[in-house]
Amino acid sequence: ELEKQELARKELERQELEINQPTTPQPNQETVTLTPSLIPPAAAASNFFFAGDTNRDGEINQQDEPGKEQWSLSSGSLILFNDKSGDRRKIPVWKETKVSAPRRAAMLSQIHLKLPENFNGSQVFITADSLAAPHISVFQKTDNGWQAVDISGATPLVKTSNIVLGVEAKQLADRNWNGLVNLRASATNNGIEIASSIIQMGVTPWIMPSNIAPVKEVQVSDRGSGNSEFISQLKQAVEPTGARVKIIQGDRAWMQDIQKNGYVQFPEKSQLRNFNVAVKSNSNPTSNNPAKTNSERDLSVFKIGKFSSANPVTQWADGYGNLQVTPPIPGHPMGRVYYGKSGNISFNPEILDFIQAQKIQGPPVDIDTSWLLTRQVDEIINFIPTQTPGKYIMTIASPEAGVRLLEELAGKGYGDVIINRGLSNEITVSAALKNQALIQHNLNLQQQKLYPILEKLKREFSLTDDQIIQVPAMFGYSGYAWWPNMVNSVPVNGNLLVSNPRGALIDGQDYTQERLRQLLLPFGVNVSFLDDRYYQELKGNVQSATNTVRKGEERPFWESLRNN
C-alpha cells in the first residue's frame, strides 16, 4: 500500500511539472493538482467546481467562482439563520450536537459541487473551520431527502457527479462568532488528497426596520376593559392603511418591550426574500413567549442575553422600547441604532454587541435617559415619515414648549380650563403654572438634558433644524410624562398613531392636539389620536403599548452597502 501511495505521489509531481511548462500545454489533462493555483482558474473551475451564490443573483454557476473565498457585506454566499417558528428549546439551538435534518429545507443556502469523470474513484469530504463549526449545519441532497453531513472530515459525502449541499446557521452573528464560515471540499484517492477548494460564507445580517418602513401588523395585548376602547380606536386607525391589528391574549401590557421585530434578506432567482426575525431577551422563557406574526412560516425568534438589571427602577432600560433605529442617514444607508443610557445603566450590552456584529446599523449611539422614569429613548425621540417618499422628520419632546403652551393658554384668558382631563392629575392651566417647582423642573430639563441631546442628535445623525419638530411635553419629578406623551407614537402607513394629550378644550377642540397638527401640517402627516388613558396611568403611551411588524427594504442590503 505504501508503494502505491509513493508511486501516486511521484506521478502527481510529474504532472505538475508538465502543467507548469508554458511550451508544452496539456489541454486534455484529466488529473487535478494538489494546489489549485498551479493551473489557470478556468481549468480549475472546469475540473472541480465548488461554489455557492457568490454574486447573490439567485443562481449558482461559473460566475460564482471569482471572489468565493472572501466574504463581505456586498458579496459572497449568504447563509440564513434557520430556526423553527416559535421553537421553545431549553438550550440554544447552536448547542445541539446532533442535527439529523434541516429545520426548514426551503431556507437552506445551497452549494454546488461538480466533479469530472476522472474523480470517479475518489472520495469527497467537507470540513468547516473550528470556530464556525458549532454554529452551522450542512446537509446533502440525496434521493432520500436531505441528509446531515459530517463537517469534521471523517465521513465522505454520498458520491454523485453533481453534489448539492445545503447550509443553515443555528444563530446570527454575535459577540462570540462573527457569522463567517470557511467550508473546504477535498477529494482524495487512495488516501491521498488530489484536489481541494474553499469557499467563505456569511450569515445574512439582522436588520432593524425604521419607523418609515411600511407596517404589516400592529400587535397589542388584550387588557380587558382597561384598554378595550384603545383597541377599538387602534383598529379604526390601522386597518384602513392595509395593516392588521393582532390582539395577543395573556401577554404583558408593554408589547414594545418584549421583542424587536426585524428581518433578514436572502437572494432568490426571481425575487428578493425578506424573512421576519424577532430578537428578544432570554429572560422569563415561560411567560415571555414571542408574539407570532401573520406569516408564521417566515418567523424566527432569536434569543440573546438576559436582562442585565433586576432593579425595578432601572430594569426598563432593557426593554426594546429603548432600542431604536433611524431611517437612512448619511454614512448609514440602512439607518443607525440608538438607545438610552443612564449613567452605568445601559441597554443590554450583549445585544448592543449583537448590533455591532451585524456590521450594518452600528455603531449604536447612546442618548442620556437618566432623567426618565423608564430610561427608554422612545419617550423623547421618534422618526416620522413625511408625504415625500424617503423623507422624514424627527420629533423630540420639549418641556420648554410644554410650559410655553400653558403660558400661551393663560395669556389668552384660558387659565381656568382643565388640562389632563380625566386623568388622576387633572388640573387647571392656572394651577399648573402656579406650581413653580414643576415649571422650573421642566425648564431645567430643557436646558440641562434636551438641548444637549438635541445637539448630539444633529451631530451624530446629520440632522438639520428643518427636520426637527419640538413637541410640547411636560414631565413629573420622577421622569414620567405629565400629560400623555405625543412623541411616543407609531407611524403606520401614512397615519401617525398618537396619544390623546387631553389638553385644554377651546371651542370644542383640544388645544394641544391642534398644536401638534400645526407642527406636522407642512410635512403632510396625518394624525389619529388614541385614548390611551389606561397606559398613561401606568406611565406609558401608544408606542410602548404596541409592537409592529414592518416590511423589509425592497432593495438588497448588499446593493446599499457596495463599499463594505
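Modeller: Two strands pair if DSSP finds at least two bridges between them. The strands themselves (E, at least two residues) are DSSP runs, numbered from the N terminus. The model is predicted, so local features are described only at pLDDT of at least 70 and side-chain atom pairs only at 80 or more, while totals for chains, interfaces and linings use all residues. Residues are numbered from 1 along each chain as its sequence is written, and side-chain values use heavy atoms, with hydrogens and water left out.

Strands β8 (residues 180-189) and β9 (residues 192-203) run antiparallel and are joined by 10 bridges. Leu183 has Ile199 in β9 opposite it.

Leu183 also belongs to the largest nonpolar core, which has 64 residues; Phe50, Ile126 and Leu183 have the most contacts inside it. Such a core is a set of buried Ala, Val, Leu, Ile, Met, Phe, Trp, Tyr and Cys residues joined through side-chain atoms within 4.5 Å, where buried means under 20% relative accessible area with a 1.4 Å probe, protein chains only. Another core lies apart from it, with 37 residues, among them Ile367, Leu457, Leu496 and Leu520.

Beyond four places in sequence, Ile126 is in contact (heavy atoms within 4.5 Å) with Phe50 and Leu183, and its other partners include Leu113, Val149, Ile151, Leu157 and Leu165. Asp150, Ser152 and Arg184 are also among the contacts of Ile126.

The protein averages 85, and 83% of the residues score at least 70. Over residues 15-46 the value is below 50, although this stretch has 32 contacts in the model beyond near neighbours in sequence. Residues 285-296 also have a pLDDT below 50, and that stretch has 32 such contacts. Where pLDDT is low, the predicted coordinates should not be read in detail.

Key. pLDDT = per-residue confidence, 0-100. Buried < 20%, exposed > 50% of the residue type's maximum accessible area, 1.4 Å probe, protein only. Helix = DSSP H or I, 4+ residues; strand = E, 2+ residues; numbered from the N terminus.
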